[in-house]
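Visitor: I am new to this structure. Could you walk me through how some of its helices pack?

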Amino acid sequence: MTEVSEAQPSPAERAAAFADDDPHLGLTLGGGGAFGAAHVGVMQVLAERGLRPGIAMGTSSGALAAAAYAAGVGIDDIERAVLAFRWSVIARWTFRPRWGLLDTRVIEGAILRAMGRDPLIEELPRRFAAYATDLRTRQGVILDRGPLSVALRSTIAVPGLLPPVKAGDMLLADGGMIDNVPVAATRTLGAERVIVVRLHARWENVRMMRTVARTADLVEDPSVVLIQPEMEGMAQWMMSDVGRLIAEGRRAATVALDEAEGF
């Protein structure tokens, strides 16, 4: 995340900046650790083509990128932040582990430095939600209200590594355990057409047949553009391939959008 600038736009300037957004176009960004850098390349291509989703939904690292977009952070600033990203921005080792080896409360400081405060999701200039899993009910949860930091800490909480977040009666963790590309959840926010970014590699093991079926359904759905960057040979948990991942996101988005109709 980038540092907040001292000069803040007026309410009128802020409204004008998002007047061209499409309120019925959604952007769904899947999780995948460092693979999430590919989302930057996708967003660059969308901006170049004048595609401005008014709704952004994400899981795990996809939620981090979607939140930056929904907050109105410029794509150049997002790229700089991703190129400089270190895992210590969102999690640090704790000597008092409880349900996880790392402490994600540091993400609150990152948001404060980037935005000057920890905003409520409903205050963001674009519609945003993070997708998480309630470990108690094993159901997916759409986090579209409340502090942004709570939603992001929840959706990135990989069990055993990053601690789940208690919110009311819920115990929230990584949404990828239920749905790593929550397209249906994006539609509940008002999206009629959805640009979906699924992070994968050809060599990955598909653990559930329903994943294959859902991907096939998305390919056949005329209201969906499915973008699938290819991550083969790139690091998922180190930041050494960020530049290549951004470039691959650009390539995959260009191919998918060139083939799409109605977008």
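Guide: Start with one crossing in this predicted model. Helix α2 passes helix α9 in a right-handed crossing.

Visitor: At what angle do α2 and α9 pack?
Guide: Helix α2 meets α9, which spans residues 242–259. Their axes lie 6 Å apart. The packing angle is about 45°.

Visitor: Are α2 and α9 roughly parallel or oblique to each other?
Guide: Roughly parallel would need an angle under 35 degrees. Theirs is about 45°. The two helices are therefore oblique.

Visitor: How many nonpolar residues does the contact of α2 with α9 have?
Guide: On the α2 side, the contact includes Ala38, Val40 and Leu46. On the α9 side, Leu245, Ile246 and Leu257 are among them. Beside 4 polar and 2 charged residues, the nonpolar count is 9.

Visitor: Are α2 and α4 roughly parallel or roughly antiparallel?
Guide: Helix α2 covers residues 38–48, and α4 covers residues 75–83. Their axes come within 10 Å and cross at roughly 165°. Angles over 145 count as roughly antiparallel. So the pair is roughly antiparallel.

Visitor: Which residues of α4 make the contact with α2?
Guide: Helix α2 passes α4 in a left-handed crossing. From α2 come Val40, Met43 and Gln44. From α4 come Ile75, Ile78, Glu79 and Val82.

Visitor: How many charged residues does the contact of α2 with α4 have?
Guide: By class, 5 residues there are nonpolar and 1 is polar. Glu79 of α4 takes part, and Glu counts as charged. The charged count is 1.

Notes:
Residues are numbered from 1 along each chain as its sequence is written. This is a predicted model: local features need pLDDT of at least 70, side-chain atom pairs count only at pLDDT 80 or more; totals for chains, interfaces and linings use all residues. Side-chain values use heavy atoms; hydrogens and water are left out. Axes are lines fitted to C-alpha atoms, for helices over the stretch in contact, and angles run from 0 to 180 degrees between N-to-C directions. Helices (H or I, at least four residues) and strands (E, at least two) are DSSP runs, numbered from the N terminus. Angles under 35 degrees count as roughly parallel, over 145 as roughly antiparallel, 65 to 115 as roughly perpendicular and the rest as oblique. A crossing is left-handed if the near helix is turned anticlockwise from the far one by less than a right angle, and right-handed if clockwise. Contact means heavy atoms within 4.5 Å.
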